[in-house]
Amino acid sequence: MTDEIISRIEEDIVFGVYPPGGKLVEDQLGERFGLSRYNLRSALSILQEKGLVEKIPNRGVRVIEPTPKEIDELYEIRLLLESHAASQTPLPAHPSLIESLEIKHQEHKEAAAKGDLRAVFRHNLAFHSIQFSACPNEKLRDAIEQYARKVHIVRAVKYFDASHLERVIQQHAAIVSSLRGSDTWTYVQAVREHIPASSQAYRTAYELKYGVSGVS
């Protein structure tokens, strides 16, 4: 149950129910999810470990609000990690992995067509979990998941842009196609082209909130 609650809070953070910089009130969360104070604090500690919230002494827990510069740096690290994972992935990928990716890709497309953005988010995470399971380096896979989670907060910024979702769908198709083949360079390029997704949109939203002086 705690894992489910953590996932629900994580989604709420992504979609702005608890916006960047916003405070998470323990009493409200406990009442909403029916959690004891102990279990709630355990859930919040896990969210902190995941880099989604932070505890401020004498002020409680708030949602992380990275600066655009920090987001750019996180995307730079993601580019390095995911490109390297792609370069280390044996090709062609196993047929069972390709089949699982195709199913998840179709589910992602259908959710986008319905405008079910929370399902889009969940299917996108599952797609990339399957994708990078083909990389034999377990620690590298863990690092990819860790840094991808650190930019969750900017993902939904572009979800309301239909053209952005269409590009993501096309990029997913390119990833599946390249995993079917034997050209590592093609797969690496497909991975690299997929990464710079939402950083500029986040910067724009941040500047509107704080002004240009708050960017650094």
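1. Before anything else, a definition: buried means under 20% relative accessible area, exposed means over 50%, and partly exposed is what falls in between, with a 1.4 Å probe and protein chains only. At 10% relative accessibility, E11 therefore counts as buried. E145, at 45%, counts as partly exposed.

2. Some housekeeping: this is a predicted model, where local features need pLDDT of at least 70 and side-chain atom pairs count only at pLDDT 80 or more, while totals for chains, interfaces and linings use all residues. Residues are numbered from 1 along each chain as its sequence is written, and side-chain values use heavy atoms, with hydrogens and water left out.

3. On the overall fold, the protein chain has 11 helices and 3 strands (DSSP runs numbered from the N terminus: H or I of at least four residues for helices, E of at least two for strands). The order along the sequence is α-β-α-α-β-β-α-α-α-α-α-α-α-α. The radius of gyration is 18 Å, close to the 17 Å that the globule rule gives for 216 residues, so the chain is as compact as a globular protein of that length. That radius is taken over C-alpha atoms, and the rule is 2.2 Å times the number of residues to the power 0.38.

4. As for the box, the C-alpha atoms fill roughly 55 × 40 × 35 Å along the principal axes. Buried residues make up 44% of the 216 in the protein chain. Taking contacts (heavy atoms within 4.5 Å) with a separation of 6 or more, 74% come from residues 24 or more positions apart.

5. Now to α1 (residues 2–14) and α2 (residues 26–33), which pack at about 120° with axes 12 Å apart. Here axes are lines fitted to C-alpha atoms, for helices over the stretch in contact, and angles run from 0 to 180 degrees between N-to-C directions. That makes α1 oblique to α2; under 35 degrees would be roughly parallel, over 145 roughly antiparallel and 65 to 115 roughly perpendicular, with oblique for the rest.

6. Who makes that contact? From α1 come I5, R8, I9 and D12, and from α2 come L29, R32 and F33. By type, they divide into 4 nonpolar, no polar and 3 charged.

7. Back to the two glutamates. E11 lies in α1 and touches R118, F121 and R122, leaving aside residues up to four places away in sequence. E145 lies in helix α7 (residues 138–150).

Conventions: Ala, Val, Leu, Ile, Met, Phe, Trp, Tyr, Cys and Pro count as nonpolar, Asp, Glu, Lys and Arg as charged, and the others, Gly among them, as polar.
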